[in-house]
Amino acid sequence: MKNVLIGGIGNVLLGDDGVGPYVVRLLSAQYVFEEGVEIVDLGTPALDLIDQISGRDAVILIDSVNVDEDPGTVLSYRKEEISRLTPQVRMDPHSPALVETLLAAELFGTSPADLLLIGICGQSYEPNCSLSGCVNESLGRVLSEVLGELDRLGVEYKKKPVAEDLDIWWSADPGAQVQSLR
Amino acid sequence: MAKRITIDPITRIEGHLRIDVEVDNNAVSNAWASCTMWRGIEKILRGRDPRDAWLFTQRFCGVCTTVHAMASVRAVEDALKLEVPLNAQYIRNLILIAHALHDHIVHFYQLSALDWVDILQIPKADPDKTAKLAESLSPWTRNSRQEFKAAQDKVKAVAASGQLGIFTNGYWGHPAMRLSSEVNLLAFTHYVQALEYQRKALQVVGILGAKTPHIQNLTVGGVANAIDLDSPSALGMDRLEMIKLLLDEVVTFINQVYFVDVCAVAAMYPDWFKIGSGVRNYLAVPDLPLDSRGTSYDLPGGYVMNGNGGVHPFKTASDKEFRQSVAEDVTHAYYQGERPLHPWVGETEPAFTGWDGDQKYSWVKAPRFQGQPMQVGPLAQVLIGYAQGHPLTRKYADLALSQVSAIGGIHATPDMLHSTLGRHAARAIRAAMLGELAQKHWQLLVDNIAKGDLTVHNPPVFGGEAEGVGTHEAPRGTLSHWVVVKDGKIKNYQAVVPSTWNASPRDRSGAHGPYEASLLRTPIARPEEPLEVLRTVHSFDPCMACACHTFDPSGRQIAKVKVL
């Protein structure tokens with residue numbers, strides 16, 4: 001049994017930044033995974049991300065990325081590419097910090113053996129509770145990246161015969177009450 | 001001719017704190033604090049069900065999820081005049097305390113210790129001497145030679161690899177770094193250990209909140225925890241005992257390690273008790289309610305004007321004077337509007353014009369209390385409690401001052417707390433207070449359940465229009481959520497967060513915000529390495545960048561320190 005984290009990162013209130021939390025809900029609604037796989041909506045973590053990735057065999061993160069590509073482009077980055085980046089001077093101590101997190105985990109000897117970041121280039125990060133059209137269209141590609149990585153890791157999963165309801169509570173019509181919690 | 005230094009960490013696309021200072025004759029002569037992103041998230045809440053607001057506000061910030069959830073339910077409860085059952089108060093208090101303990105530990109070790117601790121001096125330290133020194137300071141059982149040696153080996157390996165990894169970009173060897181190699185090693189060893197104990201504090205939040213990083217157990221009117229002492233699936237004795245064990249371990253770390261380290265580091269940098277005071281108006285709200293109506297609290301609140309001008313206590317967490325005295329000024333912020341507005345009628349209409357230190361230069365509004373800038377945070381809370389003669393505050397504040405005096409061979413007085421080091425000391429004092437209160441509120445909860453009270457929720461009833469304010473004395477200071485509810489829907493919502501008070505720009509009268517004022521006259525040894533500026537800004541524990549997390553793979557996330 002492998003200890004695997006599939007984590008969605010992003011702010012669900014800022015348009016396409018919510019793609020990570022959206023994707024982990026898609027995965028949970030459509031698939032069952034072997035024991036040891038944990039699927040987490042990480043929100044916008046700071047250094048507590050160290051605790052989330054520490055001691056795992058493998059980590060798959062889904063996040064929006066800031067690159068000069070067309071919105072909806074899906075890119076992936078391996079651990080080695082991320083740790084090569086320079087951490088920033090900490091002006092604001094809560095700067096979100098995948099690079100710092102990974103380097104800290106390496107210092108403490110708890111860095112996961114495998115880490116893959118699947119990045120989606122967003123179109124809009126304005127306050128808004130839905131994904132833009134091009135990011136929506138990229139979701140199929142993101143899912144196959146995740147499943148492809150699980151295949152590579154030898155982790156088993158099965159498609160559910162009937163997909164469960166997607167619990168995207170933040171995109172509920174402003175006039176309605178969020179039902180999933182009641 | 002004054003030199004201008006800009007520190008602007010351009011990371012990803014989220015909002016960030018940017019600091020501009022002018023340096024004249026090796027000291028800061030002028031300062032501007034600004035935030036680089038628009039936060040209009042509150043607009044999303046208009047028209048929504050007030051019972052759901054906390055789910056959304058919890059997403060404002062990735063570090064302070066819990067505190068925004070709590071302030072939100074309290075705001076709606078205040079609008080509805082809804083009482084909160086005792087069990088729910090205690091459970092909420094335990095969550096807030098555990099979150100704060102986690103936050104304070106992480107702030108000191110992971111986020112600011114390396115402003116004072118020089119990592120590259122560690123290889124020179126003698127682990128035996130370090131162990132002897134540590135033994136003289138604290139009974140902590142993990143102060144052994146082996147622990148110190150293991151931590152030193154980690155640093156040696158990093159230094160030998162030529163790749164500093166996580167330590168890249170530190171101001172190592174800076175003339176303002178003055179600890180002995182042994183103290184550097186001692187503090188770094190605890191930096192490593194701190195990670196374990198902050199995690200234990202978060203586990204308490206997770207057990208009570210059902211989930212981290214986003215708790216799921218709140219409702220307007222109480223909590224959703226089912227209480228059944230005999231059931232393993234509800235909040236029963238098994239879980240309560242586990243919470244007790246975790247809290248005890250965290251409290252021991254705070255008393256024997258964090259508190260001691262802050263006193264020791266402070267004693268070795270006594271000049272920093274004279275630097276960084278700035279705005280001497282302080283504001284804190286009462287917190288940790290002890291009854292269902294919120295009439296008595298374990299943490300006192302109030303305000304102090306001009307340092308020692310006398311303390312004005314707040315009776316309740318939504319005190320009338322507090323409700324009436326807050327307004328936000330946008331003279332120097334990128335928003336439309338002419339005059340300061342109370343949060344209930346607050347507007348958030350952007351009007352970006354680019355950075356201009358004489359005109360508009362920040363996305364942060366300037367909150368004012370009775371028209372004055374206020375400093376918030378643990379220092380405010382400790383000074384306000386101390387001035388009121390609050391026994392628990394006095395107990396740990398006096399202990400900290402006596403430890404600093406003993407270690408440093410100086411005479412430390414409460415007046416010295418108006419400073420950069422005072423903010424660190426106050427946070428450690430507050431952590432020790434909260435540690436004691438964690439154990440108290442755990443016992444209150446267990447005793448109340450043992451009496452047979454299993455109530456956790458009072459149902460809300462909506463109708464008509466009402467205004468409410470929900471406050472929380474969060475790790476970074478006074479947080480307030482302001483809501484207007486009309487016919488069961490949210491009509492307006494504004495959050496006035498601690499870092500807005502502290503990072504506020506100038507107001508219409510030209511008065512500096514607390515960060516800005518605290519930087520004036522700070523000595524700067526090397527303008528190209530403004531370590532002294534970071535020390536003071538970090539002492540506030542700023543949290544600006546919590547909104548948006550897009551990863552930037554181009555490596556652009558290197559802070560720009562620009563010297564003009």
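In chain B, helix H7 (residues 237–268) packs against helix H10 (residues 391–408) at an angle of about 50 degrees, and their axes lie 8 Å apart. Because of that angle, H7(B) counts as oblique to H10(B). The model described here is a predicted one. The points below begin with this helix pair and then turn to the other topics.

**Packing of H7(B) and H10(B)**
- The crossing in which H7(B) passes H10(B) is right-handed.
- On the side of H7(B), the contact is formed by B:Cys263, B:Ala264, B:Ala266, B:Ala267 and B:Met268.
- H10(B) contributes B:Ala400, B:Gln403, B:Val404, B:Ile407 and B:Gly408 to this contact.
- Sorted by class, the residues of the contact of H7(B) with H10(B) comprise 8 nonpolar, 2 polar and no charged.

**Packing of H2(B) and H3(B)**
- Helices H2(B) and H3(B) pack at an angle of about 150 degrees, and 10 Å separates their axes.
- H2(B) is therefore roughly antiparallel to H3(B), the cut-off for this description being an angle over 145 degrees.
- H2(B) passes H3(B) in a crossing that is left-handed.
- From H2(B), the residues B:Thr66, B:Val67 and B:Met70 meet B:Arg92, B:Ile95, B:Leu96 and B:His99 of H3(B).
- This contact of H2(B) with H3(B) consists of 4 nonpolar, 2 polar and 1 charged residues.
- The loop between helix H2 (65–80) and helix H3 (86–112) of chain B holds B:Lys81.
- B:Lys81 has a phi near 55 degrees, which is a positive value in a residue other than glycine.

**The sheet S13-S14-S15 of chain B**
- An open sheet is formed by 3 strands of chain B in the order S13-S14-S15, with antiparallel pairing.
- Strand S13 (465–474) and strand S15 (489–496) of chain B are the edge strands, each pairing on one side only.
- On average, and with direction ignored, neighbouring strands of this sheet are turned by 15 degrees against each other.
- Strand S14 (residues 477–486) of chain B runs antiparallel to S15(B) and is joined to S15(B) by 7 bridges.
- B:His481 has B:Ala495 in S15(B) as its bridge partner.
- In a regular strand, the side chains alternate between the two faces of the sheet.

**The hairpin of S2(B) and S3(B)**
- Strand S2 (residues 17–24) and strand S3 (residues 27–35) of chain B run antiparallel and are joined by 8 bridges.
- Opposite B:Glu22 stands B:Asn30 in S3(B).
- The two strands S2(B) and S3(B) form a hairpin with 2 residues between them.
- In the turn of this hairpin, B:Asn25 has a positive phi of about 50 degrees.

**A cis peptide bond**
- The peptide bond that leads from B:Thr212 to B:Pro213 is cis, and its omega is near 5 degrees.
- B:Pro213 lies in the loop between helix H6 (181–209) and strand S4 (218–219) of chain B.

**Chain B as a whole**
- Chain B contains 14 helices and 16 strands.
- The radius of gyration of chain B is 23 Å, close to the 24 Å that the globule rule gives for 564 residues, so chain B is as compact as a globular protein of that length.
- The C-alpha trace of chain B spans about 65 × 60 × 50 Å along its principal axes.

Methods:
Residues numbered from 1 in each chain as written. Chains lettered and ligands numbered in written order. Predicted model: local features only at pLDDT ≥ 70, side-chain atom pairs only at ≥ 80, totals over all residues. Axes fitted to C-alpha atoms, helices over the stretch in contact; angles between N-to-C directions. Helix = DSSP H or I, 4+ residues; strand = E, 2+ residues; numbered from the N terminus. Parallel < 35°, antiparallel > 145°, perpendicular 65-115°, else oblique. Left-handed = near helix turned anticlockwise from the far one by under 90°. Contact = placed C-beta atoms within 7 Å. Nonpolar A, V, L, I, M, F, W, Y, C, P; charged D, E, K, R; others polar. Pairing = 2+ DSSP bridges. Rg over C-alpha atoms; globule rule 2.2 N^0.38 Å.
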